[in-house]
Amino acid sequence: MGIIRKTKSVETLLGEFKNNSGAVSVTELIKRFNSQINKTTIYRILDKLEDDRILHSFLDKNGIKWYAKCNYCTCNDNFDAHPHFQCLSCGRVDCLLIDFPIPKIKNREVILSQTLMQGICELCSN
């Protein structure tokens, strides 16, 4: 079950993703909003926004969960299966909007696939 009411806390977190084209870690969101929203509420809202396919999540190299705005998700299907790129210099993480087909595997059903590519971003390479 997703978001039922758009509370001030929900609007605050949604605003963070409307103004940000990249991904944001849950630890950064907790740091940024700890004086306004308690940690449990942040996790609960993020889970519900993900259930509603407004956000999608993935894990970084350290196992920290990151969230980004969905581009092609629907309530029935999650079409936002794309790779992410993490800069090893500045730590920034972006969604890569490139075709990255998930292969069919004999006798298996792939439910979820996460691909994290790492390297140096265009801002750090200059």
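This is a predicted model: local features need pLDDT of at least 70, side-chain atom pairs count only at pLDDT 80 or more; totals for chains, interfaces and linings use all residues.
Student: Buried or exposed?
Tutor: Asp-94 is buried, because its relative accessible area is 16% and the cut-off for buried is under 20%.

Student: What does the side chain of Asp-94 make a polar contact with?
Tutor: The side chain of Arg-92, at 3.0 Å.

Student: How many residues along the chain separate Asp-94 and Ser-21?
Tutor: They are 73 residues apart in sequence, while their C-alpha atoms are separated by 7.7 Å.

Student: Changing topic: which residues of helix α2 are buried?
Tutor: Helix α2 covers residues 26-33, and Val-26, Leu-29, Ile-30 and Phe-33 are buried there.

Student: Why do they line one face of the helix?
Tutor: Down the axis of α2, the buried residues fall within an arc of 100°, so they line one face. In general, an α-helix has 3.6 residues a turn, so residues three or four places apart point the same way.

Student: Now the surface. Which residues make the nonpolar patch?
Tutor: Ile-102, Ile-105 and Val-110 make a nonpolar surface patch of about 220 Å².

Student: Where does Val-110 lie?
Tutor: Val-110 is in the loop between β5 (93-95) and β6 (116-119). Val-110 counts as partly exposed because its relative accessibility is 37%.

Terms used: Residues are numbered from 1 along each chain as its sequence is written. Side-chain values use heavy atoms; hydrogens and water are left out. Patches are made of residues with over 30% relative accessible area and no salt bridge: like charges are joined within 9 Å, nonpolar side chains (Val, Leu, Ile, Met, Phe, Trp, Tyr) within 5 Å. Accessible areas come from the Shrake-Rupley method with a 1.4 Å probe; for residues, only the protein chains shown count as cover. A salt bridge is a side-chain nitrogen of Lys or Arg within 4 Å of a carboxyl oxygen of Asp or Glu. Helices (H or I, at least four residues) and strands (E, at least two) are DSSP runs, numbered from the N terminus. Buried means under 20% relative accessible area, exposed over 50%, partly exposed in between (1.4 Å probe, protein chains only). A polar contact is a pair of N or O atoms within 3.5 Å; within protein, one must be able to donate a hydrogen and the other to accept it, and residues adjacent in sequence count only if both atoms are side-chain atoms. The arc is that of the directions from the helix axis to the C-beta atoms.
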